[in-house]
Every structure is written in structure tokens, then in C-alpha cells.
Amino acid sequence: MCLLPSSVSVSPCLRKIYARNMLMDWQGQKLAEQLMQILLLAFAVVAFAAGYVMGSFQLMILTYAGGVVLTTLITVPNWPWFNHHPLQWLDTSEAEKHPKPQQHVTSKKKSAKK
Amino acid sequence: MHSFGYRANALLTFAVTILALMCAMASLSDNLNSPSPSAQIQILNFNWFQKQPHGNDEVSLTMNITADLQSLFTWNTKQVFVFVAAEYETTKNALNQVSLWDAIIPAREHAKFWIQTANKYRFVDQGSNLRGKEFNLTLHWHVMPKTGKMFADKLIMSGYRLPEEYR
């Protein structure tokens, strides 16, 4: 849905639609994934340590379950702080100044490299 | 990671993987526990001792079981199953085991106990080899964990002897 390279020209109307659907930008997605992994691992370590020290398996499970719920709330919804680096689309006029390279030219270059 | 569903799926998968790891570690942590259980069994009386019509010996006895199994419990223990077996040797079989009594211990608080009981299950031999027979009373236990590996061990108490005559 939002995998078009930035050099593709799109009408301003389409651009608005993309912008509205792009609820999380690339850097936001990367941040969300890393945050999810770090938070879950941290909660697991804390939960295991707490359960072992207190001698309670139930405490470990409850701590970890709480951690998973909290991590879900932080990283799963489309929070605005994951959308601080919106894609900069080129203007239609700008794109026309730099026409797309011809397909057969690029394929020749690739084969030459090999 | 671009949509709600993708992130929810990734989170759930990773969370469950870590949970499995934590359970494996909890099971491994049981190996750090070195239990030192103790038990004594006293036979108070042979209530009766007879030969069944078809030829098998049967005994009824009353015993006093004292045990402290608290050290078997760790944070990962669900319950402990214990049973007392009479073990003896006959010409036909090197080891005969007859379960006399069993119990499930649900928590550490109940693991130090004293009980006076007749045999819960019938003490019947396969044949008539029991007169004057020397036997062991063995306390077996199975530690059932919340997750992971089950442990089993036993404590052998020897030096018991059945009466020479039926009564």
C-alpha cells in the first residue's frame, strides 16, 4: 500500500491518500519492532528473577503477562510518535525533470556487471 | 510491521517463544535443588495373616509413617506423589513390589507428616512365600513440576519380617 519509491510521480490527490494511510512511517516501524523485542526480553528477565527469588511460579507468570500487555499497548497501536518522519513525495513537475531510466538499458548494465 | 495485525502477530509469536524459554529455564533450575528427604516406617501390628482359598498369602498390617519431604519442593513443584511399597525376593522373582499406601502432597506445608494407617491396598503375594519372609518398605516419590522434567527417587527401609505362622 505504501511501497512506491519516492521518484514515482503521483497526483497530489493520491499523495494525500497515501499520507493518510501511512499511519506509521519506516523509522516508526523499525522503532516499534525494536521496542517490542527489547521490552519483552526485559520483562522476561525481570519476571524470571522475581519468580525465582520469591519462590513463586505464579509471580513470574503474572509479571510476564503484565509485561506482554504493556508492550502490546506501547507498540501495537498506531501511536503518533511512530509517525514523525513522513515520506517526502516529489512534486509531479520535479519527477518529470528526472525521467525514469529505460528498462532495457538497466538490464544490459546488470548483465555487463555479472 | 506496517500494520496493526502484523505487529500484533509478531509480538504474540515473540512473547510465546520467550515464555517457552522461561519455562525451560524454570525446569533447569530444579537441578540446583539437592533434596534431603527423611522417612521412618514402624510396623505396629500384623492384623491378620492368612492363605487365601486359592493359595495366595495375604497380610494386613498397621504402620506408622513419619516423613519430611519438604526439601523436595521448589518454586517449580506442582505436587509430590508418594507411595510405600513392600519389596521382597522370592525364588521365582528377584524383586516383588506391592504398593501398600499412597498419597498426593499438594504443597510444602503438607510435606512434613505423620500418619498411622492400615495398608490401603491389599498386600497379596503371588503364591505362598510370605511366612517368615524378610522384606523392605520403600518410600517412593515422584516430583511433578509445573513445567518440565519429572523427578523420581526412593528411600529404602529394610529389616522387616513377616510372622512365621498364619494368624
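Let me start with one helix, α1 of chain B: B:Arg7, B:Leu11, B:Ala15, B:Ile18 and B:Ala26 are buried in it. Buried has a cut-off here: 20 or more other C-beta atoms lie within 10 Å of the residue's own, with C-beta atoms placed from the backbone. A residue with 12 or fewer is exposed, and one in between is partly exposed.

A word on what you are looking at. This is a predicted model, where local features need pLDDT of at least 70 and side-chain atom pairs count only at pLDDT 80 or more, while totals for chains, interfaces and linings use all residues. Residues are numbered from 1 along each chain as its sequence is written, and chains are lettered from A and ligands numbered from 1 in the order in which they are written.

Back to α1(B). It has 26 residues. From first C-alpha to last it reaches 37 Å, close to the expected 38 Å. The expected span is 1.5 Å times one less than the number of residues in the helix. What do the buried residues of α1(B) pack against? They pack against α2 and α3 of chain A.

That takes us to the interface. 23 residues of chain A are in contact with 18 residues of chain B. Contact means that the C-beta atoms of two residues, placed from the backbone, lie within 7 Å. On the chain A side, the elements giving two or more residues are α2 (26-54) and α3 (57-75). Which of them gives the largest share? It is α2(A), with 11 residues. By type, the chain A side divides into 13 nonpolar, 9 polar and 1 charged. Nonpolar covers Ala, Val, Leu, Ile, Met, Phe, Trp, Tyr, Cys and Pro; charged covers Asp, Glu, Lys and Arg; the others, Gly among them, are polar.

Now α2(A) itself. It has 29 residues and reaches 42 Å between its end C-alpha atoms, close to the 42 Å expected. Its buried residues include A:Gly28, A:Met36, A:Phe43 and A:Gly51. The buried residues of this helix pack against α3 of chain A together with α1 (4-29) of chain B. Just after α2(A), A:Gly55 takes a positive phi of about 65 degrees.

Buried or exposed? A:Met60 counts as buried because it has 26 C-beta neighbours inside 10 Å. Leaving aside neighbours within four places in sequence, A:Met60 is in contact with A:Ala47, A:Phe48, A:Ala50, A:Gly51 and B:Met22. A:Met60 and A:Ala50 are 10 residues apart in sequence and 6.4 Å apart in space, C-alpha to C-alpha. A:Val69 also lies in α3(A). A:Val69 is exposed, because 12 other C-beta atoms lie within 10 Å.

UniProt, in an unreviewed entry, places the feature "transmembrane region" at residues 34-54 and 61-82 of chain A. UniProt annotations may be inferred rather than shown by experiment; feature names are shortened, and positions are in the numbering used here. In the model, residues 34-54 are 100% helix and 0% strand, with end C-alpha atoms 30 Å apart. Residues 61-82 are 68% helix and 0% strand, and their end C-alpha atoms also lie 30 Å apart.

Chain A has 5 helices and 0 strands. Of its 114 residues, 18% count as buried. Chain B has 1 helix and 8 strands. Its radius of gyration is 23 Å, well over the 15 Å that the globule rule gives for 167 residues, so chain B is more spread out than a compact globule. The radius is taken over C-alpha atoms, and the rule is 2.2 Å times the number of residues to the power 0.38. Along its principal axes, the C-alpha trace of chain B spans about 85 × 30 × 25 Å.

Last, the cores. A nonpolar core is a set of buried Ala, Val, Leu, Ile, Met, Phe, Trp, Tyr and Cys residues joined through C-beta atoms within 7 Å. How many residues does the largest one have? It has 24, and B:Val84 and B:Trp141 are among those with the most contacts inside it. Strands β2 (57-68), β3 (77-88), β4 (96-105) and β7 (134-145) of chain B each give it two or more residues. A second, separate core of 18 residues includes A:Met24, A:Met36, A:Phe57 and A:Val68.

Note on methods. Helices (H or I, at least four residues) and strands (E, at least two) are DSSP runs, numbered from the N terminus.
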